[in-house]
Amino acid sequence: LAADATLLELWLGNCGITMRGLGRLLAGLKANKSVRSLGLAGNPIGDGGAGMLGEFLAENPGLDWLSVGFYTYGGCNITVAGLAALLAGLATNTNLKQLYLSKNDLYDNGIFALAKWLATNPPLQHLLLQSCGVTETGGQRLLQALQTNTNLVGIFDLESGNSLTPETAAAIHAAVESARPRPEPATTAVPLTAPVTPLATPV
């Protein structure tokens with residue numbers, strides 16, 4: 001990885017990577033300027049690994065897609081402590097556009113930390129939160145944070161594996177939808193030539 005300048009995507013789902021292996025991986029990625037997507041879902045890196053990712057993202061802003069949890073692979077054993085460390089690194093990262101957190105035990109305290117970060121309007125555009133233990137309380141806090149966020153355009157799998165009322169889930173999706181840029185209205189085309197007057201009918 002340190003010598004490769006062509007690799008754009010690195011997906012390592014369910015590879016048994018621990019915090020120690022993640023350290024070696026990130027050491028190689030620090031010298032790599034081409035990788036934009038990193039998939040680690042299903043590897044037991046834990047809160048320590050999440051902290052390492054936070055430090056990496058603070059110093060190496062090249063990634064625009066990070067997965068530490070996906071429904072087909074599982075999570076990374078990250079709790080609220082690990083998420084807080086990850087978000088601390090993202091506080092100075094201006095490039096990450098997609099973050100997958102599904103199937104990690106974040107619960108409402110983790111969502112509170114996530115909401116606080118989202119309220120600062122980071123560049124993140126897509127967020128996955130399937131089976132993260134989100135309750136109605138966490139959902140309401142997330143909804144409040146979205147009032148000051150204009151970059152997030154998609155929160156996915158929120159209803160799956162979480163304990164939100166349909167009304168709150170719908171309100172969150174509506175808030176995200178309102179942040180999406182609207183297309184420019186179409187302008188009426190101006191004819192390049194004046195309309196041709198039909199010839200008079202012979203008498």
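**Close-up views of a predicted β-α model**

Read along the sequence, the protein chain follows the pattern β-α-β-α-β-α-β-α-β-α-β-α. The model is predicted, with local features requiring pLDDT of at least 70 and side-chain atom pairs counted only at pLDDT 80 or more, whereas totals for chains, interfaces and linings use all residues. Residues are numbered from 1 along each chain as its sequence is written, and side-chain values use heavy atoms, with hydrogens and water left out.

**View A. Overall composition of the chain.** The protein chain has six helices and six strands; helices (H or I, at least four residues) and strands (E, at least two) are DSSP runs, numbered from the N terminus. Of its 203 residues, 43% count as buried, where buried means under 20% relative accessible area, exposed over 50%, and partly exposed in between (1.4 Å probe, protein chains only). Among contacts between residues at least 6 apart in sequence, 85% join residues at least 24 apart, a contact being heavy atoms within 4.5 Å.

**View B. The parallel sheet.** Six strands form an open sheet in the order β1-β2-β3-β4-β5-β6, and the pairing is parallel; two strands pair if DSSP finds at least two bridges between them. From one strand to the next, the twist averages 5 degrees. Strands of a sheet pair through backbone hydrogen bonds, either parallel or antiparallel.

**View C. Pairing of β5 with β6.** Strand β5 (residues 126-128) pairs with β6 in the parallel sense over three bridges. Leu 127 has Ile 155 as its bridge partner in β6.

**View D. Packing of α3 against α4.** Helix α3 (residues 80-90) packs with α4 at an angle of about 10 degrees, their axes lying 9 Å apart. Axes are lines fitted to C-alpha atoms, for helices over the stretch in contact, and angles run from 0 to 180 degrees between N-to-C directions. The two helices, α3 and α4, are therefore roughly parallel to each other (angles under 35 degrees count as roughly parallel, over 145 as roughly antiparallel, 65 to 115 as roughly perpendicular and the rest as oblique). Val 80, Leu 83, Leu 87 and Leu 90 of α3 make the contact with Asn 109, Gly 110, Ala 113, Leu 114 and Trp 117 of α4. These residues divide into seven nonpolar, two polar and no charged; Ala, Val, Leu, Ile, Met, Phe, Trp, Tyr, Cys and Pro count as nonpolar, Asp, Glu, Lys and Arg as charged, and the others, Gly among them, as polar.

**View E. The surroundings of Asn 104.** Asn 104 is found in the loop between β4 (98-100) and α4 (107-118) and is buried, with a relative accessible area of 1%. Its side chain reaches the backbone oxygen of Val 68 at 3.0 Å and that of Leu 101 at 3.1 Å. Leaving aside neighbours within four places in sequence, Asn 104 is in contact with Val 68, Gly 69, Gly 75, Cys 76, Asn 77, Ile 78, Ser 131 and Cys 132.

**View F. Loop residues with positive phi.** Asn 14, in the loop between β1 and α1 (19-30), has phi near 55 degrees, a positive value in a residue other than glycine. Asn 14 is partly exposed, with a relative accessible area of 44%. Asp 157, in the loop between β6 and α6 (166-179), has phi near 60 degrees, likewise a positive value in a residue other than glycine. At 30% relative accessibility, Asp 157 counts as partly exposed.

Methods: Polar contact = N/O pair within 3.5 Å; in protein donor to acceptor, adjacent residues only side chain to side chain.
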